[in-house]
Structures are given as structure tokens and as C-alpha cells.
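Visitor: Hi, I'd like a quick walk through this one. Can you spell out the terms as we go?

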There are 2 protein chains.
Amino acid sequence: MAATPVWSVDPRTGKQREQVAVEATPQDVDRAVRAAHATREALADRGARIAFLRTAAALLDEAAGAVVEAADAETALGPGRLTGELARTGYQLRAFADAVEEGTYLDIRIDRADPALTPPRPELRRYKIPLGVVAVYAASNFPLAFSVPGGDTASALAAGCPVVVKAHPDHPATSELCASLLRRAAERSGLPADVVAVVHGFDAGLELIRHPLVSAAGFTGSIRGGRALFDAAAARPVPIPFHGELGSLNPVVVTEAAAAERAEEIGAGLAGSVALGVGQFCVKPGLVLVPEGAGGDRLTGALAKGLGETEPGVLLDHRMRENFVAGVRERTALPGVAAPVTPGAGGEHTVGAGFLTVSARSLVEEPERYEVLLEECFGPVTVVARYADPQEAGAVLERLSGNLSATLQVSAAEGEGAPGPAAELIGTVTALAGRVVVNGWPTGVAVAPAQHHGGPYPAATSHSTSVGGTAIERWLRPVAYQSVPEALLPPELREANPLGLPRRVTP
Amino acid sequence: MAATPVWSVDPRTGKQREQVAVEATPQDVDRAVRAAHATREALADRGARIAFLRTAAALLDEAAGAVVEAADAETALGPGRLTGELARTGYQLRAFADAVEEGTYLDIRIDRADPALTPPRPELRRYKIPLGVVAVYAASNFPLAFSVPGGDTASALAAGCPVVVKAHPDHPATSELCASLLRRAAERSGLPADVVAVVHGFDAGLELIRHPLVSAAGFTGSIRGGRALFDAAAARPVPIPFHGELGSLNPVVVTEAAAAERAEEIGAGLAGSVALGVGQFCVKPGLVLVPEGAGGDRLTGALAKGLGETEPGVLLDHRMRENFVAGVRERTALPGVAAPVTPGAGGEHTVGAGFLTVSARSLVEEPERYEVLLEECFGPVTVVARYADPQEAGAVLERLSGNLSATLQVSAAEGEGAPGPAAELIGTVTALAGRVVVNGWPTGVAVAPAQHHGGPYPAATSHSTSVGGTAIERWLRPVAYQSVPEALLPPELREANPLGLPRRVTP
């Protein structure tokens, strides 16, 4: 059987640019996983791992021109955005190197023996060890920061887990380029190149999740694709954790007082957040609850102005463009749905940004008919639901699935604790989301120790985060050593603490 | 349709003692879950939760006589063991109350805003919130510490999650009694009684895991039952975490030097660990790798003496007794398997302890034929595999599934780092288990901050622990607040830190 070619495609024209690779056969996947598995011992070297992550960041910086050019040619995201994404990618790699050096992520706990307790307590020393080979499924919309050199890869390598990335078909050339840089960085740091590898192809992705030596997976993508892989991970003879980020509506609620106070600012800010990156962020606000009345009218006016002035943009691929156009058409066809700025087909290869409006009452009273308005539509569109009172807004929120983010726009007085719906809304949206934003926008997910990028299903398939300091926790499991003599303990747990790691000691 | 009665049965006679309850219908389960769900807001009161856990421990202590009597009548575990288990149960409840008071489990992280970073960092404040109603599946072998008032329940309540327990059919009367004490403790602490409820029946257990308002589950039991529930949890429209402890062989490796040095001590200690509680501990050593030769012979001699002198005991129920007798018969029938002390049917209602021997070579060379010897056999039996050299012992270990524990018996010199197989064995068994014990026995799982009672599948279906301080982490999910004004933050995250909680701050 002939190998299936993998093409790099220019989304600005829909034309094939070059053949980059071939799809991995089951044998290829097996080889990649076994080769990765064989590097676990080398990767256990903490110093080499730290050097590797920092060298990877440096090599990506050095190759910035080529990386941004390759990514732009395949994704049309533009050099500005991609340069920023590359900086974020390098920052992530360095932040995880710092985390390995610092050591809190090992969550070391030491209990001294206490024979006086019931039952008596022996000496216990606990830390966390890497799980083994991690499968990473790259995202379409972040060819760098959520793909081959992205957060899943960086955090897994930092944890000591070799990685096999299933590349996204939207940017195979970028994936190959980044993989070669990471592999070079490994070798320069004294590690085998096979600590990270890339495979292409849909079937290869399924082979990967079923491979007995794969011990966990990270995924960023669609609900349909992510759920299929989640199901496969759970159905294995030995199930493995599947950390998937699947989909999110990212509701925004504007209080009446906020609309009265800052209608134009909120409308303009919303337009910017919806249209950013041609609406291709997983935290794009997809549903905005805006009060009826004059303040809300001014807000939608500003939103119309902002989105109306937005230049058409190129989506990541033509299938997405078709889905976007069809998704907008389906929503616009619903009775009572208006499109003050019609999103949809721009030129032959572009789409225009826009928004739809509907009454919140429709969403509450005819939930089945309007269900699709509460589902993510990938691309530069949002749905503005006008509500009559806070109870109606609350009733819409109650119908939502889990989200990566939820945003409140409140007035200055509400922010200072003035009576109003804001306090109750905070509680309502906390139950819905992994991150709650007040008077800001959900797009722009900072890489930071306290970040949480996850949330109730389908935002995420687990309670972990894929961005920020605690993302490393996904690839580790605890182990406790009971009454183990100093000479047989791993260095991390020795009484002498030769690595100077932080530990919690129970006397 | 008539309700299905739930009987309390005396395992010492096999006779029904009394009808305790009826099996829960789907409507009953729905009612219990909804009632529990409605208590979430009340349970969010930290002070009430702490008082509740401590009061629960106090009421169990007060009722100790009745509780131990009820449990002994249904389980035949004996007043001594059950008194100890009750002490452990109270200690657990109090330890989780202390953990709530102390607050580290909230894992609070605060990042100050930093506009100079790329991308700029907004202020982020992260902590953990309770998931919602937790389903707890009680264990047969711990009617208290892993059942209604046990570790899963205590840690879930401490996290702020209401609990619905599916009682184990081996001790329904104990379950009802403990539930009534917990519910009374709730009311005395100003909480609704429905923060915890009990349901009976196999079908009720399935209803429970599928209920849309159930958000996580804890389970201790068999591989077959646990896997069925794990699969149901993963197959839900909204999958939920399922923390199951399913089965474990708990291998022990005795080095040649250890056998030469302490053969009699090790043999006697092993006999005690195997026979403890009539072999009904999930950490009972089920496979022991003993060197060929004189030291090993002395060890098995001491083991034979210890187990030969063990009085027959009563298993938890008659089905277990049948499974044990059948399991021993199947293993003993294999070629080359000897039974120096034959375990199996004692009197009409009892079983005797014993052990089997086999060559490690058989396990390595004919793995399929001898597969059953590497599977858990619940009851007072262990398999001693005699090995020719450390490589052969390692080859047996490589064939094992995941375990709750792995134990090494090493010599004094090996413990001090003398050359020998011990250092490599530590690495090998760490990969296999959640807890590694040296020169001790795995039975007796201390309730302690650094404890880990879990391990690779099938020891556990997740990488969490069901015993010890970090067991509470199973019932929480992180949420991050971005740029949220002080007045709208939960008290745990306010800058003023009114609750005095520990936090990690990034300047």
C-alpha cells in the first residue's frame, strides 16, 4: 500500500504548497512510541531536562524567522500574532524549566515515624514520578503554543515524560520544523532526540491513544474528535488519563449598571475579543447576555460598529470556513434571530466578522429550538442575548454546559460591593467555568503560576489545566516510600535533601 | 412491584439476621441525590463542616459499643480489629477537619498583575472548589474505615461535597447505623441531614453513577465491579472522575542476602501479614519472590510454621468463601505448584490459611499457563515463587500489573547501600506500585499526610489516593479569578486573607 502523503496547504488560496511527510502507519507509531519509551531513564536526569527545555526555547528564538514564516504560510495567522505566539511558547518552555529547578511540583511530603499514634505511623516519604510516554494532540489554532513545542509538550517533558505529538493537519511543515528544533535541543543537552517525536495522520492518532506504552494524553480541539479519543483512552485494557480541551462557549454577562455606565467601551472591547485572530480562539466570547433597554442598545451599537469595521480574515482551513458559513446560516435562520452585522463568507477565501441577536426569553422558553445558539461556533461571530431581568439572564446561564471562561461586566459601584446582581452572578458563573474574568475579556490566557485553563466538561475532560504552572501535574503520579533506608531513597526524598527541594514535613 | 428486602447476614452461620432496609428504586436514588445536591450551599460553610466532621467522630466514639457489635455480627471481623478500625475512622474524620481548618488543600495561588510580561499578566487568584455530589461505593472488608463513615466520605465532606453512599451488602445494618450517626452529627452542626445518605442494592449503584447530578465517585472493591462502574462513569454524556481501588497482588521480593540474614523473621512476619484479618486486606502480600537455596528454604519453613499455626477464620460472606476455595483449587492444580500448608475450606463456615510454591522460572517461561498465579486471590493465601537469580525475579516483576504496594526485604548491608540487587529492585518496584515498603509489611496503611494508597491500574483507576491527606484532592477542581475586585472575591482569595489561609504569591 502506498504511503498517504501529508501536504502543507495555503489557506489563503486553498492550494497545496508542498508534501511535508507521509501519514504514520501503525508500525511507524509503534516505533515512535517505543523509541520515546526508551528515553525515560535519560529524561530522569533533572539537570539535562532543565538544560533541554531552555535550549529548546533558545533554538526556537534563533529560528524565529523561519518558524513564523512556515506557520504563517500554513495558517494565515499573520507574522504579528505568530511572533507573539512564539514568544509565549519560549516563555512556557523556560517557565517549566524554572519549575523543575524549583521543585514544588514534586509535592514532597515527609511524615516522621510516630509509634504513639493509633495505628502507629511508620516513616513515609512521598513525591511524584513521571507517568511515561505522553501523547499530545496538537491544536489547529495555535501552531506553536498548543502544538509540537507547546504547553502540553513542555509540561510533559518537564515532568520527565517523553512525548509523541500527533501533528495537526493544518500545519504539518511547522510541526516538522519545530520537532527538528526540539530534537536538536535534546541532543545538545545530552538527551536522545527521541524524547520527542511527531506523527501525522488521523489513524495514527487513534493508534497512539491505544498503544500500551502510552500512559497519558493531552488534547486541544473539537468536542467530536476529543470525545472519540477520550472514549478510546477509557476503553483501553489499562485506561489512561486523557486531558482534553474540547469546546467552550465562554459566556459574558453585562449587568444593567455596567451597560448604563460603559456601553460603548464594552461594545468595542467585545468586538475586539470576538474578532481577535479571526475568532479562532477557544476562549472567544460566544454568548453575551446584554440587558434590554437603552444601555444595551448603545452596547450593541458599539459592537456593530466595531465588527462592521473589522477586515475580513482567512480561517485556518477551508473546511473550517465551510463549517463557519454553515453554522452562521443555521443560526440566522432561527425565528427572531437578527444579524445586525452579518458574519459569513467574505471573499473566496475569507470570512467577515459579525454578530447575531436573540431574546434571552427565547433561549429559556424554547430551549430545544434554540439549542444551537448555546453551542460554540468556531470563527468571528458571537450571539447577543437580550435579557429583561437578572432572573432571565440566570435562567440562560443555567442551561449552559461547562466553559473555559465566564466573564462579567459590572459597574464601578458593583465592583465595590454595591447591592446588585453581581455578587450572585459571580457564584453562578463560577459553577460554569474554569476561569472567571471581571471587566476584562477572556481572550489572552496568561501563562502564569495561578492560571487555570480548563473547566467543567466539555471545556475539559479532566479537572486539570493545560496552561500555567499546575499543567505539569497532569503527567505525574504520587508514590510513597515506607521505612526505606536513606541509601535506597531517590535523591529527591533523602533526609539530607541534596537537591534542596521544598518539602512539607510532619514531625 | 414489591420492594426487594436487604438482609443482614451472619457469616459465622450463613443465616439471615434481620431485614435492615429495602433496595433503592431509581426514584429513591434520584431523591437521595437531589436532596444531597440541595445541601451544597449549606456545606460551603467552612466552620459548620469542621464542626460536623468532629461531631461525627465524637458520635461514632460514643456509639462505639453498638457500632462494633453491629459490624462484628455482619462481618465476623472480631471486636478487636473493629475497635481499631473505628479508632482509625474517627482519626480520619478529625484529620480531615484539621485539613479544612489549615487550608493547604485549597492550593491557593495568587499572581500579581505584571504588564511588563509578554503577554502582559493580569491579576490571577486561584483556589479549588468542591465538585458537587460524590457517590461512594463502600468496601466489603472495612465496614467502617472504607464504608459509610470512611475515608471517601470523610474526604468528600471535608472538600464540601455531599455524599450518597452505596452500602456494601455484607454490612447493611452497620451502614444504616453509621449513616444515622453521621446525619445526626450534621444536624447538631447546623447542617441538613441530607449531606450524607445511604442507598442499598446493585442496581441502585448503577443508577447512582449515571445520575446527572453526581459529579465524582469513590470505590473500593473488585476489578470486575469497579471496572463496570468506571466504564459507566466514562460513558456518561458528561463523564465524571471515578476513583476506584480495584485489586492488587502486592508483590514482595526477598533478596538473597536478606534471606541469609533474617529467614525466620521474614517467614514469620510474612505469615502474620498474609493471615491478618483472614487475608482480607487489599494490601495482603499475594506473591513473594524468595531465592532458591538454604536461606529461602528456612524462610518458607518459618512461613509454613506461622501459617500452620494460624486458626481458621470466617470470611466476610459465603460467596467469598466459595471463591477462595475455588481460587486455591485452581492454583493448586497447576503442574509444579505445591501447597506446603494447604489453604482452603476449614470448617463449614471457616477457611484455613496457607501458601503455595512455584518456580519463578515457570512464571516467566509459561506466562499464560501460570497467569492466574499473578492475580489476586482474596483470602489467607500467598504464592511463593522461588527464583534462581535477580534477573529471574526481575522478569517476574515485569509481568505484573499495577499494585497498591510493593515490598522489599533487604539485608542490613544492602540497606546501607552495599552493592547488590536492592538499588535496582527499588526502581523496578517503584514503577509497579503506589507505595514501596522496605523491611516491613504492606498491611497496615497508616492514615498520614504523606500516605499514598493507590497505584497503577488496576490498583487504582486514577492517580489519586484513597487514604491520607491528599485524598481530599479528588473532590475539588481549580478555578482562577482574573481581575476580580476584592468585594466580589470569595473570602478564601481576598487580599486581606480573612481566613488566614496559606497561599503562594507570585509578585
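Guide: Helices (H or I, at least four residues) and strands (E, at least two) are DSSP runs, numbered from the N terminus. This is a predicted model, where local features need pLDDT of at least 70, side-chain atom pairs count only at pLDDT 80 or more, and totals for chains, interfaces and linings use all residues. Residues are numbered from 1 along each chain as its sequence is written, while chains are lettered from A and ligands numbered from 1 in the order in which they are written.

Visitor: OK, so what do the buried residues of α12(A) pack against?

Guide: They pack against four strands of chain A: β14 (344-345), β15 (350-352), β16 (354-359) and β17 (381-387). Buried is a matter of counting: 20 or more other C-beta atoms within 10 Å of the residue's own, with 12 or fewer making it exposed and anything in between partly exposed; C-beta atoms are placed from the backbone.

Visitor: And which residues of α12(A) are buried?

Guide: A:Arg321, A:Phe324, A:Val328 and A:Arg331. Down the axis of α12(A), they fall within an arc of 105° (taken over the directions from the helix axis to the C-beta atoms), so they line one face of the helix. On the other side of α12(A), the exposed residues are A:Arg319, A:Glu322, A:Ala326, A:Arg329 and A:Glu330.

Visitor: How far does that helix reach?

Guide: α12(A) covers residues 318-332, 15 residues, and goes 21 Å from first C-alpha to last, close to the expected 21 Å. The expected span is 1.5 Å times one less than the number of residues.

Visitor: Back to β14 and β15 of chain A. What sheet are they in?

Guide: An open sheet of three strands in chain A, ordered β12-β15-β14, with antiparallel pairing. β12 (313-314) and β14 of chain A are at the edges with a single partner strand each, so one side of each has no neighbour in the sheet. Two strands pair if DSSP finds at least two bridges between them, and two bridges join β14(A) to β15(A). A:Ala345 sits opposite A:Val351 in β15(A).

Visitor: Switching topic: how many residues does each chain put into the contact?

Guide: Chain A puts in 58 residues and chain B 57 residues. On the side of chain A that touches chain B, β20(A) gives the most, with six residues. By class, that side of chain A has 31 nonpolar, 18 polar and nine charged residues. Here Ala, Val, Leu, Ile, Met, Phe, Trp, Tyr, Cys and Pro count as nonpolar, Asp, Glu, Lys and Arg as charged, and the others, Gly among them, as polar.

Visitor: Which strand of chain B is joined to β19(A)?

Guide: β20 of chain B (residues 476-482); three bridges join the two, and they run parallel. A:Arg435 has B:Ala480 as its bridge partner in β20(B).

Visitor: What about the nonpolar core, how many residues has the largest one?

Guide: It has 339 residues, and those with the most contacts inside it include B:Val164, B:Ala217 and B:Leu289. A nonpolar core means a set of buried Ala, Val, Leu, Ile, Met, Phe, Trp, Tyr and Cys residues joined through C-beta atoms within 7 Å.

Visitor: What does B:Val164 touch?

Guide: Not counting residues up to four places away in sequence, B:Val164 touches B:Ala32, B:Val33, B:Ala36, B:Val133, B:Ala135, B:Ala197, B:Val199 and B:Leu208.

Visitor: And the strand with B:Leu289, which way do its residues point?

Guide: B:Leu287, B:Leu289 and B:Pro291 point one way from β11(B), B:Val288 and B:Val290 the other, and all are buried. In a regular strand, side chains alternate between the two faces of the sheet. β11(B) pairs with β10 (residues 251-254) of chain B in the parallel sense over three bridges, and B:Leu289 is the bridge partner of B:Val253.

Visitor: One more helix: how covered is α7(B)?

Guide: Mostly: 12 of its 17 residues are buried. Its cover includes β1 (5-10), β2 (15-22), α3 (46-62), α4 (64-75) and β7 (196-199) of chain B. After α7(B) comes B:Gly190, with a positive phi near 80°.

Visitor: Last one, is A:Glu311 buried or exposed?

Guide: A:Glu311 is exposed, with 10 other C-beta atoms within 10 Å. A:Glu311 lies in the loop between α11 (294-308) and β12 of chain A.

Conventions: Contact = placed C-beta atoms within 7 Å.
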